[in-house]
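Please read them with the structure open.

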Amino acid sequence: MIAANNVTLRLGKRALFEDVNIKFTPGNCYGIIGANGAGKSTFLKILSGQLETTSGDVTMSPGERLSFLEQDQNKYDSLVVLDAVIQGNARLYEIMKEKEALYAKEDFSDEDGIRASELETEFAGMDGWEAESSAETLLNGLGIETELHSCLMSELTGAQKVKVLLARALFGNPDVLLLDEPTNHLDLDAINWLEEFLIDFDNTVIVVSHDRYFLNRVCTAIADIDYGKITLYAGNYDFWYESSQLMIRQMKEANKKKEEKIKELKEFISRFSANASKSRQATSRKKALEKIELEEIKPSSRKYPYIDFRPDREIGNEVLTVDNISKTIDGVQVLKNVSFVMGHDDKIAFIGSQERAKTVLFEILTGRMEPDEGSYKWGVTTSQAYFEKDNNEEFASDLTITEWLTGYSPVKDMTYVRGFLGRMLFAGDDGVKKLRVLSGGEKVRCQLSRMMISGANCLIFDEPTNHLDMESISALNDGMIKFPGVELIACRDHQIIQTTCNRMIEILPDGTIIDKVSTYDDYLAADAGARKRTVYVSENTDD
């Protein structure tokens, strides 16, 4: 067990956490959630001892070992891969090295023999003889081939180092396991292996992730950070969302009934307090009125935007025809003879790890780039709205948000435009913010506002979830599902692809494509290669 006891952390005058009391018990996987900046990663650092609290402390059951996923990919470059993993259990690694040093001595003494015997006993008690095979099993499960186990860490790629650091955290059956974005830079095969590992893990796991699909798979409880407090909920992320929304609705309904009762009592008291025959009843109602307490419904730090894409006209049968498009950039062919026909019911996911190729294809289809070969044709009833992955040029401007969006609006009315901004959480004076000072998340919300106001019936998304918090991702997911037009989507969020799209186009490393009418899960289940070719990368910001 690990517990935070009256933990407070102040950053300047701001209290990030205030008198937090929470216990995490064995057999559970806890997902830490909260709005961007709520302090999810900071809380993990407090639990792991990497960050001192202002007051309060963190306690663990005596003799237990805590392990956490480290973020510095180059920290262990001088170590052999297998040693980097085994070193995750520091005491076991110390024993191994001390044993090696003792047995290597030429003048091995009786005292050395006694010490070696003590070490061997402790080593056996820690399953030391299984250490190498356990480390190899972890590495192989995460996709680090056996021939790499004896290499130096410095010889691995960044993605391979991430997997080794994860294996290091998992090694040796730690009593408490802390994971911050553990799926980042993993291929889907490795993520699936990690999910199964955590589902079967008997000890305590505490994880921060922006991947709702992952949290739903592995979590038995959710720890929700809101306004410096942490509240525990049983169940996975979806269950937390439903139960938290239900709780708020029930409190509002209860308050409404109480308010009606208060009104009724006040009216009776007002009418009959001066009436001698009714005075006893009026007094009784006054006492009843004093006992009624409205539930305090605290405002949440979470804000859910309202995302609703409404096309101005219905799309016809001819939507998009792509014919043998090829494109080479910097000597690398990113698209090769790409052909497909899009129907008026299609919501296509462009999947796989060839992110540059997806962006290039979208740039060609929106007229921003010319193909080397081939052609495309949009149907006459179509109108397109494009979410660009690289928005730096768009927002390098001194225009205010309102001025910028008015330029894209078919209705040049300030109130009309501000209505769209309000849906995306730009209230009041936010409308006069200048584009160049916006955060990553604010820029994304501006782009979504532009897509909503366009009235387009074909939406093209190139990684729209980057920099969004989970509330905005959920709202975007809902908007994509409800949209009655067609969509072309490149997105790292598994749940968005699975719940929105009915067709998969995977762009392969050679620039060709695989095109299948399928859900995402069915596509991955049918093709083991696709799981290895697809890597999850989170670019959400926090703390």
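1. Phe17, Phe24, Tyr30 and Phe43 form one aromatic cluster. Pairing here takes rings of Phe, Tyr and Trp (its six-membered ring) with centres within 6.5 Å; planes under 30 degrees apart are stacked, over 60 edge-to-face and the rest tilted.

2. The model is predicted: local features need pLDDT of at least 70, side-chain atom pairs count only at pLDDT 80 or more, and totals for chains, interfaces and linings use all residues. Residues are numbered from 1 along each chain as its sequence is written, and side-chain values use heavy atoms, with hydrogens and water left out.

3. How many aromatic pairs does the structure hold? There are 18. One of them joins Phe123 and Trp129. Their ring centres lie 5.0 Å apart and their planes meet at 85 degrees, so this pair is edge-to-face. Phe123 is buried, at 4% relative accessible area. Trp129 is exposed, at 60%. The classes are buried (under 20% relative accessible area), exposed (over 50%) and partly exposed (in between), with a 1.4 Å probe and protein chains only.

4. Tyr241 and Tyr304 also pair edge-to-face: centres 5.9 Å apart, planes at 65 degrees. This pair links distant parts of the chain, 63 residues apart. Tyr241 sits in helix α9, Tyr304 in the loop between α10 and β11 (320-329). Helices (H or I, at least four residues) and strands (E, at least two) are DSSP runs, numbered from the N terminus.

5. How do α9 and α10 pack? Helix α9 (residues 237-272) meets helix α10 (residues 279-291) at about 150 degrees, with axes 9 Å apart. Axes are lines fitted to C-alpha atoms over the stretch in contact, and angles run from 0 to 180 degrees between N-to-C directions. The two helices are therefore roughly antiparallel (over 145 degrees; under 35 is roughly parallel, 65 to 115 roughly perpendicular, the rest oblique).

6. The contact (heavy atoms within 4.5 Å) uses residues of α9 including Ile262, Leu265 and Phe272, and residues of α10 including Ser279, Arg285 and Leu289. By class, the α9 contact with α10 has eight nonpolar, two polar and three charged residues. Nonpolar covers Ala, Val, Leu, Ile, Met, Phe, Trp, Tyr, Cys and Pro; charged covers Asp, Glu, Lys and Arg; the others, Gly among them, are polar.

7. Thr415 lies in helix α13 (residues 414-423). Thr415 is exposed, at 64% relative accessible area. Its C-alpha atom is 63 Å from that of His149, 266 residues away along the chain.
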